[in-house]
Structure formats: structure tokens, C-alpha cells
Amino acid sequence: MKLKQFLMIMTSCILLVPGCKKGDTMTVSESGKGGSTARMTISGNYLYLVDHSKLHTYDISDPAQTLLLNTQNVGWNIETIFPYRDKLFIGSQTGMFVFDNSNPKKPQLQGQAQHLRSCDPVVADENFAYVTLRSNNNGCGGTLNQLNIYDIQGINVLSPKQVATLMMPAPQGLGLTNNILYVCMGTNGLNVIDVTDKTKPVSKKVLSDGTDFIDVIPYDHTLIAYVKGGFILYNIANPEDPQKIGAIHN
Amino acid sequence: MKNVTLMLMGTLLLLSCSNRKNEVTGYAPVYGDLSEMTGVSLEPARTVENGGKVYVWGDLLYQVETGKGIHITDIADPAAPVQKGFIKAGGAQEVAVKNGLIYTNSQNDLVILKIENNKLQVVKRLPAAFGQLSSPALPPERGPFECPDRSKGIVIGWQKKTLINPACSY
């Protein structure tokens, strides 16, 4: 029912494009949700794109007149970008960069957390950032395989402080909802982690049936899992206990 | 005249001799037709082969078919997802959606697409916005390679083969 209502609002929005497109209050529902491994994301009227070393900011308030506003150097081997409210989290092979996005036309680097060489998608909420580090595969290098949680409250964001580490095999994409963090571990499964206490993340269960999990998007009561060969949908009405309900994959 | 012919034949013989001596294993460009490669179109739903990144908007799930395009699936009933169609977009790796407009890459271009009455429309194309993501300007390994010939199209990849006197190397 919620999805249906959502779609109806969307439809009326499209019909009323001139009226809706300038309203900033609608931006969250207007732009849907992506995964933690994306290189491109939309926040409000802006599209952010990361290549290997730079962040590009586009104004998409009038899509037909999309304009590159600016390009800024971030670092080397950038892989992912994830928006949360007025922040952008950028994952590279050597660290996490937090950009203040309160001026969405020109995000400003606020802080960064360095780590040893590895792959590292990031998700975040108001006060904490969650980063997975994965070794070796796809030429990422390094030897770490773990989840790191960083405190980004207040001025801590200037130099995010690591508050917890949880070791696990080959962690990749991740998604957060209601203090439950879902971490994809390739063929090792999907790790369901309770992060109520940020200093003590607890793995509640691992879904593992040979599926190769790459990334996830928690979406209301549905968890969308991007797996090798397609996707699987889980019901997460009880977030700790995802139930497989549908799939399209080969 | 006869002398000239003989000389030419001699030269050709010499060339073929030296050619045999300079056979090396290296990379040769694989060419693609630019308009064919950067064209986008709406097609019937197809089987997911090498599913890529996902993006959800309303009841619709968009999943990249790595290098080929985007599958659109209605997940209003998560127990019974329904494939609605496929956007062909060569080189596709990324997807995001806002107000029903689909933002993706067509090779190295950023494209903004709109589906209306079952027709796909390109709202905007920004050439080379993904400039450094997938341009295979050089072969994957160092060594000799066959120089790209622009008249044959644009280079979309490299294949290893036996080359005769390759003029390029890095």
C-alpha cells in the first residue's frame, strides 16, 4: 500500500512538473534510492559523479539544460559516493572522504579517515559512517577484511574517529535501516548486523546459500539485494530476519 | 619498366622475409561503430545475464545489465516482480532516477532519458562526462600493439593476437 501511494504521488508530481520541480521538500521521494557501490548519485537538484580522482557536480534542476557546475580533486582510486542529508560520503581505496553538502552547488571537503589500501563503500546516518574494507579482489590490494564504524558527530566529522571494527570475509556493498546493517560478503553470504551500540556491532545472522551478494538497498519493508546474475527481494518487516520473497536472476 | 617491376618484386620479397622475423604477440584494437555504440533505445524485457548496479524509484527497480543497458522491473508486489522493459545503452555501468528521468552512461557520455508512451527520448547527452571511467586508450598490458586506425571506428577494447611489425608500443 505504501508503495502504491508513493507511486501516485510520483505520478501527480510528473503531471505537475512545473509546480513540483522547484520544491526542495519533495526531493527525497523524487529521487529514489541507490546502492552503496554507485559512482553517481542524485541529491536534490544536483547530480554528483565521481571518476577515479574527481568529484563532478551537475545542476539538474532543468534536466534538459543540465550543467556541469564544477569539478574538484578528491584523491586517487575513488570508487563510490553515497549521499546522506547534507553530506556526501566518498569511498576510495585509501580512505573515506566526508563532504559538507549544505551548499549543494559546491560540496566542501570536511574530513577524511585514512586506512590501508582496500575497497571501501560507505553508508552513513546522522552520526556514524559505516565502511567495509575488502582485500585483493578486483585489484583493490590490501589485506583487510572488516567493517569499520566511524563517529562523525559534531566536530568529529573533521577527523572521523573509528569506534568499532568487525572482521568478516570479503565485505562489499552495505545498507542501513533501523539500526540493522546489511553487509554483502560475496559468496560468503549476507551479514545481518545489529548496530544499536555503535561500539559493539553484533552479527545476528548470515544468509548464505551460495548466492553471491554484491550490494543492497533497504527500501521500506523490502531489502533489494543486487546479487551476481540479477536481484533478490527480501521482506524486512522484521529487519533482523530477512525473508526471501521474490527474485529475478539467472 | 621491367627493371622497376623486378625491383618491386625484390622489395616485396625482402619485406615478407623481414616480416616473418618480426612476428610478436601483442594487442590489436577492437573497433566499434560510434553511432551504434552510443545509440540508446527501448526494447522488450530480456533475461538478466550480468546484472549490475541497482536503483529504486517508486515501484520501479532499475538494474544495469553491465555494458549493455538497464532492466526495468516493477516490484510493487515484491513476491512477483514484473519485468517491464530494457533500455539498450552500450557501456552502461551506472543508473540513478529522479522524477521518472533515468540518468545513466552511454559509453563515456552522461545521458538523461525519458520514457513516454513507450518511446525513449534523450533529454540530454553530456559527452565524455564519464571520461576516465572506461576509455581503453591503451592495451591492458605493456608491450607492442597495433596502432589504432581512426577510419575503422573507435576503439572499444583490445584483443591479444600475433602481430606483424606493430608500429606502436608503450
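## Strands 8 and 9 of chain A and their sheet

In this predicted model, strand 8 (residues 95–100) and strand 9 of chain A pair in the antiparallel sense, with 6 bridges between them. One residue of strand 9, Leu109(A), is the bridge partner of Phe99(A). Strands of a sheet pair through backbone hydrogen bonds, and the pairing is either parallel or antiparallel.

The two strands belong to an open sheet of 4 strands in chain A, in the order 6-7-8-9, and the pairing in this sheet is antiparallel. Which strands stand at the edges? They are strand 6 (78–84) and strand 9 (108–114) of chain A. Each has a single partner strand, so one side of each is left without a neighbour in the sheet. On average, neighbouring strands of this sheet are turned by 20° against each other, direction ignored.

## A second open sheet in chain A

Chain A also holds an open sheet in which 4 strands follow the order 18-19-20-21, with antiparallel pairing. Its edge strands are strand 18 (213–219) and strand 21 (243–249) of chain A, and each of them pairs on one side only. From one strand to the next, the twist averages 20°.

Within this part of chain A, strand 19 (residues 222–227) and strand 20 (residues 230–235) are antiparallel partners over 6 bridges. Val227(A) stands opposite Gly230(A), a residue of strand 20 of chain A.

## Salt bridges

How many salt bridges does a search of the whole structure find? Over all chains, the number is 11. One pair in a salt bridge is Glu126(A) and Arg85(A), whose side chains meet at 2.7 Å, N to O. This pair links distant parts of the chain, as the two residues are 41 residues apart. Glu126(A) is in the loop between strand 10 (122–124) and strand 11 (128–133) of chain A, while Arg85(A) is in the loop between strand 6 and strand 7 (87–92) of chain A.

## Where chain B meets chain A

The contact between the chains involves 38 residues of chain B and 45 residues of chain A. The size of an interface is often given as the accessible area lost when the parts come together. Here chain B and chain A bury about 3,800 Å² between them, and 65% of this is on carbon and sulfur atoms. Across the interface of the two chains, 1 salt bridge is found. Glu30(A) forms a salt bridge with Lys98(B), with the closest N and O atoms 3.5 Å apart. Between chain B and chain A, 13 residue pairs are in polar contact, counting pairs with both residues at pLDDT 80 or more.

Several strands of chain B each supply at least two residues of the side that touches chain A, including strand 7 (95–98), strand 8 (101–106) and strand 9 (109–116). Strand 3 of chain B gives the most to this side, with 7 residues. By class, the side of chain B that touches chain A has 23 nonpolar, 9 polar and 6 charged residues.

## A strand pair across the two chains

Strand 3 of chain B also takes part in strand pairing with chain A. Its partner is strand 1 (residues 33–34) of chain A, and the two pair in the antiparallel sense over 2 bridges. Gly34(A) has Tyr55(B), in strand 3 of chain B, as its bridge partner.

How values were computed
Residues numbered from 1 in each chain as written. Chains lettered and ligands numbered in written order. Predicted model: local features only at pLDDT ≥ 70, side-chain atom pairs only at ≥ 80, totals over all residues. Heavy atoms only, no water. Pairing = 2+ DSSP bridges. Axes fitted to C-alpha atoms, helices over the stretch in contact; angles between N-to-C directions. Contact = heavy atoms within 4.5 Å. Buried area = accessible area lost by both parts, 1.4 Å probe. Salt bridge = Lys/Arg side-chain N within 4 Å of Asp/Glu carboxyl O. Polar contact = N/O pair within 3.5 Å; in protein donor to acceptor, adjacent residues only side chain to side chain. Nonpolar A, V, L, I, M, F, W, Y, C, P; charged D, E, K, R; others polar.
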